[in-house]
Amino acid sequence: MRAFVFPGQGSQARGMGGALFEEFPELTAAADEALGYSIADLCLRDADNVLGRTEYTQPALFVVSALSYLDRQRREPVEVDFFAGHSLGEYTALYAAGALDFISTLRLVALRGRLMATMTDGGMAAVVGMAADEVRAALDGARLDGLDLANLNTQDQVVISGPVDVVRAAGPVLTAAGAGGYTPLRVSGAFHSRYMRAVSAAFAEELSHVDFAPLKKPVIANCTGLPYADGAVRETLVAQLVEPVRWEQSVRYLLGLGVDALEEVGPGRVLTRLIEKIRSRPAPSAAPARTTSDHGRMAGAGTTLGSAEFRRAYGLRHAYVCGSMYRGIASTDLVIRACRAGVLAFFGAAGLSAPLVAGAVARIRAVVGERTTFGVSLAHDPVLPDNEQRLVETLLATGVPVVEASAFVKVTPALVRYRLSGLTRAADGSTVAGNRIIAKLSRPEVAEGFLAPPPQQIVDALLASGAVTREQAGLAANVPMADDICVEGDSGGHTDRRDLLVLLPVIRRLSERTSAARGYRRPVRVGAAGGIGTPQAAAAAFLLGADFIVTGSVNLCTAESGTSAVVKDMLQRVNIQDTDHAPAGDMFELGAQAQVLKRGVFFPARARKLHELYRRFDSLDDIDADTRQQIEERYFRRTLDEVWQETRAYFAAQDTRAVARAETSPKHKMALVFRWYFEHSQRAAMEGREANRLDFQVHCGPSLGAFNQWVAGTELERWQDRHVDDIAERIMAGAAAYLRQRYDELGLAGDQP
């Protein structure tokens, strides 16, 4: 098999292109018109000495590489099985694979070059003679954690990226650590690093107007080292700006498929030399290097806490999970960052449409690759049960391997369908569950439902409807509904205010007894969530017997969180007493509670007032005039009739049964109108509407207050400097250190974390 690879920035040289411009006069003229200058003059003569400037380098390299490709195929046509490119070269690969035509690709490249050229005060440097892990460890040991690994070119050639003064300071450190060479690069920005986020956001906005054609041949993505996922060109190009170029991984992927001819097409032979070097050395057996600030000085700390089986099952570094937060607050960026650190994370799908969830899954998979496990939340929806079913259909269609099931008081048909659709029989006759479920719960009776096999009545109904196969239905009795149970103590969002000290041992014993009685091959694992915001809290959970821990509120106030900057500014100042309990909007009629932010907002008091009115009155018409005026003017800022019309229109589009019921039940109509306030307050907070600040509904637990106190006065005091992977590392490493300290103080012998 054959692959063509295209060079990136750094391969440019005066005189490149040669006769190509004369051989392709029409494309050259079109390029001149699109760029506003002569591309031939720039490449051949560079009279103004601008070829080395990013905004000129990138379009020039693309044009020369693209014309070289056309010339190569015209002179000696060959079948090409794969395309790949180094950074900018990936655009030439996409052009060759048919994603865009020549001029459309050139315009995109020119835009990328202009945006990247706006980055100043950044720098990059090539490090030779050290592996990526060694570079990362040396940087972290010198506390130079402001640098990212930008290019992973070969086993002993890495490019670092970051603020220019930090790049300069890293030279002596890496040389002393054993680097054979340290060469600052002639660039103005910290490319392929966290510092490109502003450029990435601007580029994403422009890309939203670009339509990409399906790829005719696979293209290997820099940021994953794997082929582009279907329909994920846009998302992958955005990610490429902030993620490292995984060139060695890309080349080894092609070699592993049996590609024996990797031909560089374009100016220079930089990639040819890198490929020869990669071929000459065996593939490393270690896991891919961490590429962002991960405090490598703590590497290994905390990795033995919890269940080793849990870590193996999901391919994790830590028995640590970033739980979902609704409406994409647990964002794609959050999931990607956690996955890169060997942490399981769940995208917050609750409240989002099925197409939005499908797009998020594609974006995550495009970046982290097919072999990295991540999940999506699946929350029970008692008001619009069809939403639950539509989400399950999306999860099955997109191949999501694990869900975090929350707010279920009993097992539902949609949940059973997801579980059964992944069941297969292994060669040894055992049942394999391809679709895994981690159930979040806080009641033993709910745990019993997830510890048992899927209810036979639901299995029979799914089989009759054709939703599952006969084999899957037959295997249902061999597996519990959940692979893992997450015991949830007093947490942000939905909460029963349970005490983890009481609840976790109870559910763990229940799992052990039930698993033994039913003959499962292993007990259902039990993890802990709720109140975990410090190393001490994590240590306590592991001592109680938690197989894994799940964090939530501490991830709400991070750079990757999907909520607004206004909310994050509020959250980074909260203490443990700054939360309150209020009625949960999605379970308003049932009186279920959610823990929310109290400091600086009126939402908890107003939500309780609405629920009190719902309990006291049978219809909106029964509410006295003064109270009605207060609600309309202070809470809703519109009349109740206007709210009803808006609510009616929404439910008419979602589920006409809700509208029909409201029109015959004044009590139900009142509930739907009051629920509008909960929906409105959530959206206002997520969008950061200052005018509605007093009504912000922010699900948050006291663990964030504990975390804020823990990091006060450190580099993590500002939310802009908090990252989910860093928090995970610090909590787990801190928990291990705390346990060792307590063992020593208590005089306990034996194995320690």
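**Ground rules.** I number residues from 1 along each chain as its sequence is written, and my side-chain values use heavy atoms, with hydrogens and water left out. Because the model is predicted, local features need pLDDT of at least 70 and side-chain atom pairs count only at pLDDT 80 or more, while totals for chains, interfaces and linings use all residues.

**Entry 1, the sheet.** I began with the strands, taking helices (H or I, at least four residues) and strands (E, at least two) as DSSP runs numbered from the N terminus. I call two strands paired if DSSP finds at least two bridges between them. Four strands make an open sheet, ordered S4-S5-S3-S6, with antiparallel pairing. Which strands stand at the edges? They are S4 (148-154) and S6 (181-184); each has a single partner strand, so one side of each is left without a neighbour in the sheet. On average, neighbouring strands here are turned by 20 degrees against each other, direction ignored. For angles, I use axes fitted as lines to C-alpha atoms, for helices over the stretch in contact, and values run from 0 to 180 degrees between N-to-C directions.

**Entry 2, a parallel pair.** Strand S10 (residues 344-347) runs parallel to S11, and two bridges join them. Phe 347 faces Val 376 in S11. Is S11 enclosed or open? Four of the five residues of S11 (residues 375-379) are buried, so the strand is largely enclosed by the rest of the structure. My cut-offs are under 20% relative accessible area for buried, over 50% for exposed and partly exposed in between (1.4 Å probe, protein chains only).

The axes of H2 (residues 25-35) and H4 (residues 54-75) come within 12 Å and cross at roughly 165 degrees. That makes H2 roughly antiparallel to H4; I use under 35 degrees for roughly parallel, over 145 for roughly antiparallel, 65 to 115 for roughly perpendicular, and oblique for the rest. From H2, Leu 27, Thr 28, Ala 31 and Leu 35 meet Pro 59, Val 63, Leu 67 and Leu 70 in H4.

While in H4, I looked up Gln 58. Gln 58 counts as buried, at 0% relative accessibility. Leaving aside neighbours within four places in sequence, Gln 58 is in contact with Gln 9, Leu 88, Val 109, Arg 112, Gly 113 and Met 116.

How many disulfides does the structure hold? I found zero, with a disulfide taken as a pair of cysteine sulfur atoms within 2.5 Å. Cys 322 is in none, and the nearest cysteine sulfur, in Cys 339, is 8.9 Å away. Cys 322 is buried at 0% relative accessibility. The sulfur of Cys 486 is 12 Å from the closest cysteine sulfur, in Cys 322, too far for a bond. Cys 486 is buried too, with a relative accessible area of 0%.

Last, I checked Arg 513 in helix H21 (residues 500-518). Arg 513 counts as exposed, at 54% relative accessibility. Arg 513 and Pro 523 are 10 residues apart in sequence and 8.4 Å apart in space, C-alpha to C-alpha.

Key. Contact = heavy atoms within 4.5 Å.
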